[in-house]
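Visitor: I'd like to learn how to read a model like this one, feature by feature. Could you walk me through it?

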Amino acid sequence: MDKMRAFLNNPDNKRRVRDNMTPSQRLAMRELRDLPHTSGAQVVFEDKGNRFVVRDLDEQDNQLLEKLQDRDKFDELDADPTERVKDRLGDFCTRWKDELNAFHPNIINFITDLDDTHPSKVKGLIKCHKPPRPGGQHGIRLLLASCGTPTQPASKFLQMSFAHLFKHLPHKL
């Protein structure tokens with residue numbers, strides 16, 4: 001056992017991973033990654049499809065603001081709701097403590113461990129499958145990114161609690 005441990009811990013015995021990209025491909029990847037800083041552009045996936053799109057970040061910001069100013073669809077909040085959501089999740093866990101503990105002994109800690117959370121962020125996905133708007137720009141579809149928000153652990157809990165039911169559904173997604 002000691003011989004095996006010594007072999008595995010010896011850095012000379014580690015497998016070297018070869019780069020599967022040519023130097024010019026590696027340079028192109030670096031340039032694409034640096035586009036926001038060098039050109040004010042970004043490479044992303046289109047809304048419905050598997051193609052890449054190069055988008056102008058200023059134009060995207062303008063389209064996002066234009067959509068968010070639609071008072072029929074969006075309300076401007078007076079304050080950040082993060083603390084209120086955290087309090088409501090705490091109240092939920094207090095009310096359903098016995099049932100939650102029966103599900104899993106650490107689930108309450110999982111749902112209420114919210115120290116590093118933040119509000120969701122809005123992103124725009126380019127709708128290349130639709131005709132361009134006047135001026136030649138494609139429209140965008142708004143998407144709320146909820147990673148790192150206070151509701152993410154509760155959402156994960158719900159997903160875990162009914163995931164076993166999907167195999168019994170007559171249709172698959």
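Guide: Let's start with the cysteines: a search of the whole structure finds 0 disulfides, a disulfide being a pair of cysteine sulfur atoms within 2.5 Å. Before going on, note that this is a predicted model, where local features need pLDDT of at least 70, side-chain atom pairs count only at pLDDT 80 or more, and totals for chains, interfaces and linings use all residues. Residues are numbered from 1 along each chain as its sequence is written, and side-chain values use heavy atoms, with hydrogens and water left out.

Visitor: Are Cys93 and Cys147 buried or exposed?

Guide: Cys93 is buried, at 3% relative accessible area, while Cys147 counts as exposed at 58%. The cut-offs are under 20% for buried, over 50% for exposed and partly exposed in between, with a 1.4 Å probe and protein chains only.

Visitor: How do I read a nonpolar core?

Guide: In soluble globular proteins, nonpolar side chains tend to be buried together. A nonpolar core here is a set of buried Ala, Val, Leu, Ile, Met, Phe, Trp, Tyr and Cys residues joined through side-chain atoms within 4.5 Å. In this model the largest one has 9 residues: Leu89, Cys93, Leu100, Ile107, Ile108, Ile111, Leu114, Ala154 and Phe157. At least two residues each come from helices H5 (82-95), H7 (107-112) and H8 (152-162), and H7 gives the most, with 3. Helices are DSSP runs (H or I, at least four residues) and strands likewise (E, at least two), numbered from the N terminus.

Visitor: Which residues does Leu100 touch?

Guide: Setting aside residues up to four places away in sequence, Leu100 touches Phe92, Cys93, Ile107, Ile108 and Phe157. Contact means heavy atoms within 4.5 Å.

Visitor: And how do I read a pocket?

Guide: Rolling a probe the size of a water molecule over the atoms shows where empty space is left. On a 1 Å grid over the protein atoms alone, a pocket is an open set of points where a 1.4 Å probe fits, with protein on both sides within 12 Å along at least five of seven lines; lining residues have an atom within 4 Å of a point. Points are joined across faces, edges and corners, and the volume is the space filled by probe spheres set on them.

Visitor: What lines the largest pocket?

Guide: There are 14 lining residues, with Leu68, Phe74, Asp75, Glu76 and Leu77 nearest the centre. Helix H4 (57-68), strand E3 (121-126) and strand E4 (140-145) each give two or more residues to that lining, and E4 gives the most, with 3. The space comes to about 320 Å³. By class, the lining has 8 nonpolar, 2 polar and 4 charged residues; Ala, Val, Leu, Ile, Met, Phe, Trp, Tyr, Cys and Pro count as nonpolar, Asp, Glu, Lys and Arg as charged, and the others, Gly among them, as polar.

Visitor: What volume does the second largest pocket have?

Guide: About 240 Å³. Its lining includes Leu77, Thr82, Ser146 and Pro150. Thr82 is found in helix H5, is buried at 8%, and touches Thr117, His118, Pro119 and Pro150, sequence neighbours up to four places away not counted.

Visitor: Back to Cys147: where is it found?

Guide: Cys147 sits in the loop between E4 and H8. Leaving aside neighbours within four places in sequence, Cys147 is in contact with His118 and Gln152. Gln152 lies in helix H8 and is partly exposed, at 37%.
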